[in-house]
Each structure stands twice: as C-alpha cells, then as structure tokens.
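Here's a quick briefing to read alongside the coordinates.

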Amino acid sequence: MTKPRIKLPESAKVGEVIEIKTLISHVMETGQRRGTDGNLVPRSIINNFTAKYAGAEVFKAELHPGISANPYLSFFMKVPGPGEFEFSWTEDGGKQITEKAKLNVV
Amino acid sequence: MPGDQPSRRTFTLGVAAAVTAFAVPATAALAQDQVQAWELAVRKIVGEAKPSEGKFALELPEIAENGNTVPFTVSVESPMTEKDHVKAIHVIATANPQPGVATFRLTPLSGKAAVSSRLRLARTQDVIGIAELSDGRFLMAKRPVKVTIGGCGG
C-alpha cells in the first residue's frame, strides 16, 4: 500500500451532497492466480475501507478478490457542517493506512 | 437440512422467480443439480425475502474488453433519511470463482445512494446487485456483461 489519492470538491456548502473519490495502489492478489513457479500466489487484498467525517461513519466497503487492483471508490456525503474526513484502508493481516482530509465548508 | 430451513428446491424456485423478473430463463436456475455459489451468496443476503425490481440501477459496460478492470456504478433512488435509507448494496459476479465482489454500507450521512468502483470478471456472465433498505426490503438488479479477456488471473 502506498499513499492514497483522495479527491474532494474544492469547497462545499452545508447540506450539499458531494462526491468523494479515493484510489490506493494495491495488487489485490486474488489467491486464484498461479505464479511463474506454478504455485498459487497467496491472497493479499485490501478487505475493508472506511470513511468517517467529523468522527461519524459515512461509508464503509467490504471488499473481496473480485475488486480490481488499485481499488477505486466513489461515494457521496451530505455535508453536515465543517469537519475533516478520516479514510482508512485495511489489508489482509490487519495492516492499515489512514489518511485525513479537511473539507473546505463555506 | 434442518427443519426450519427451506429445501434447496424451494430456494431454487425462489431464486428462479426472482431472476425471471430480470428476463433470465427460469430453467437456468432449475436445471442446476447443485446450488451454485452465487445463489448461496444471494441467499445469505436476502434470506427468505423476495427482492423486488426498480429504483435500483446497476451500470456496467455491455462488453468488457478487459475482465481485470470493469467499471461499475450502483445507485438507488432513496431520500437517504434516518427513516428511509439504503443500508447496504451488495455486488455479486455470478461466474467468478468467488462470487462476492463487494458490500457497500451506507448511512443517512451518505446523502445519495450511489457508489462506483471497478471489478474483475473471470468470463462472460451476469452481475447482480442487491440493495438492502432500512425498512427491511430488498431491491435487485441484474446485468449481463460480455467479457473478451477474463480477469481473476485464470
């Protein structure tokens, strides 16, 4: 996992429904694929994504091997007021990456 | 099977009835001797409920040249209020080695019930979306996708 990319609108008003886009580099190894040695490559995926805003959960995704490499997610939020996003991606085995992003509420 | 469980046949008929609404031959489900993995995945989500059609859009390309990365969008017409919102949207690829693709959990804070991502398809198949509403009802949508080069590294 590397540093994720997050796209938020430049500014948003309270009550506005905004789109949030996230992307993270990850091979999302399915566990079904054979390597050059003929053995199955062990599964290693990001199995969970969570988005919180001002401490409250907005959106969560449980991901399976059917999700493509470098998982991209787009979802929405109705802006409740000023605040900061906290996004986290969790890999098989429990390793987690967390990224924060402040929303410019005008 | 335990007494309170529906028989496989009852279930298959239920699924067949559900998929008939989506213009898929009912015989496809009835002809199978084994309950398929995707049917189990559907059953695990909806239980005994009968999903209905409508107000739920599952957008996918008709033809996917590369099954490794197929863009999709699921969206439900919903006010997304505390009383009436979409709790979850499940995506199932019927002919993948592991049919469950993703479960998206939404909240009234979501404002709009729409999610986009990219999935893998091992071969040409139907993709199913199931939306779980706050009042306990389920919506279902189904889309066939032709796959030129399969994903899942087979």
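Among contacts in chain B that link residues at least 6 apart in sequence, 67% join residues at least 24 apart. Bear in mind that this is a predicted model.

**Chain B at a glance**

- Chain B has 3 helices and 8 strands.
- Reading from the N terminus, the elements of chain B go α-α-α-β-β-β-β-β-β-β-β.
- Chain B has 154 residues, and 44% of them count as buried.

- Which strands make up the open sheet, and in what order? There are 9 strands, running β7(A)-β6(A)-β3(A)-β4(A)-β5(B)-β4(B)-β7(B)-β8(B)-β2(B), with mixed pairing.
- The edges are β7 (96–103) of chain A and β2 (63–66) of chain B, each of which pairs on one side only.
- From one strand to the next, the twist averages 20°.
- As background, strands of a sheet pair through backbone hydrogen bonds, in either the parallel or the antiparallel sense.

**Where chain A meets chain B**

- The contact draws 27 residues from chain A and 28 residues from chain B.
- On the chain A side, the elements giving two or more residues are β4 (56–63) and β5 (72–78) of chain A.
- β4(A) is the top contributor to that side, with 8 residues.
- By type, the chain A side that touches chain B splits into 16 nonpolar, 6 polar and 5 charged residues.
- How many bridges link β4(A) to strand β5 (residues 100–106) of chain B? The two strands pair over 5 bridges, in the antiparallel sense.
- If you want specific pairs to click on, A:Leu63 has B:Ala102 in β5(B) as its bridge partner, and A:Ala61 has B:Phe104 in β5(B).

**Strand β4 of chain B**

- Strand β4 (residues 86–93) of chain B is largely enclosed by the rest of the structure, because 6 of its 8 residues are buried.
- β4(B) runs antiparallel to strand β7 (residues 125–133) of chain B, and 7 bridges join the two.
- Within that pairing, B:Val91 has B:Gly129 in β7(B) as its bridge partner.
- β4(B) also runs antiparallel to β5(B), through 5 bridges.
- There, B:Ala88 stands opposite B:Arg105 in β5(B).
- β4(B) and β5(B) are joined by a hairpin of 6 residues.

**The nonpolar core**

- In soluble globular proteins, nonpolar side chains tend to be buried together.
- The largest nonpolar core here has 58 residues, and the members touching the most other members are B:Ile92, B:Leu119, B:Leu121 and B:Ala131.
- Strand β8 (residues 138–149) of chain B gives the most to this core, with 6 residues.
- What does B:Leu121 touch, leaving out residues up to four places away in sequence? Its contacts are B:Ala64, B:Gly67, B:Val70, B:Ala93, B:Asn96, B:Val145, B:Val147, B:Gly150 and B:Gly151.

**An exposed loop residue**

- B:Glu48 sits in the loop between α3 (37–46) and β1 (56–59) of chain B.
- Is B:Glu48 buried or exposed? B:Glu48 counts as exposed, because it has 10 C-beta neighbours inside 10 Å, and the cut-off for exposed is 12 or fewer.
- B:Glu48 and B:Ala114 lie 66 residues apart in sequence and 26 Å apart in space, C-alpha to C-alpha.

Technical notes
Residues are numbered from 1 along each chain as its sequence is written. Chains are lettered from A and ligands numbered from 1 in the order in which they are written. This is a predicted model: local features need pLDDT of at least 70, side-chain atom pairs count only at pLDDT 80 or more; totals for chains, interfaces and linings use all residues. Two residues are in contact if their C-beta atoms, placed from the backbone, lie within 7 Å. Helices (H or I, at least four residues) and strands (E, at least two) are DSSP runs, numbered from the N terminus. Ala, Val, Leu, Ile, Met, Phe, Trp, Tyr, Cys and Pro count as nonpolar, Asp, Glu, Lys and Arg as charged, and the others, Gly among them, as polar. Two strands pair if DSSP finds at least two bridges between them. A residue is buried if 20 or more other C-beta atoms lie within 10 Å of its own, exposed if 12 or fewer, and partly exposed in between; C-beta atoms are placed from the backbone. Axes are lines fitted to C-alpha atoms, for helices over the stretch in contact, and angles run from 0 to 180 degrees between N-to-C directions. A nonpolar core is a set of buried Ala, Val, Leu, Ile, Met, Phe, Trp, Tyr and Cys residues joined through C-beta atoms within 7 Å.
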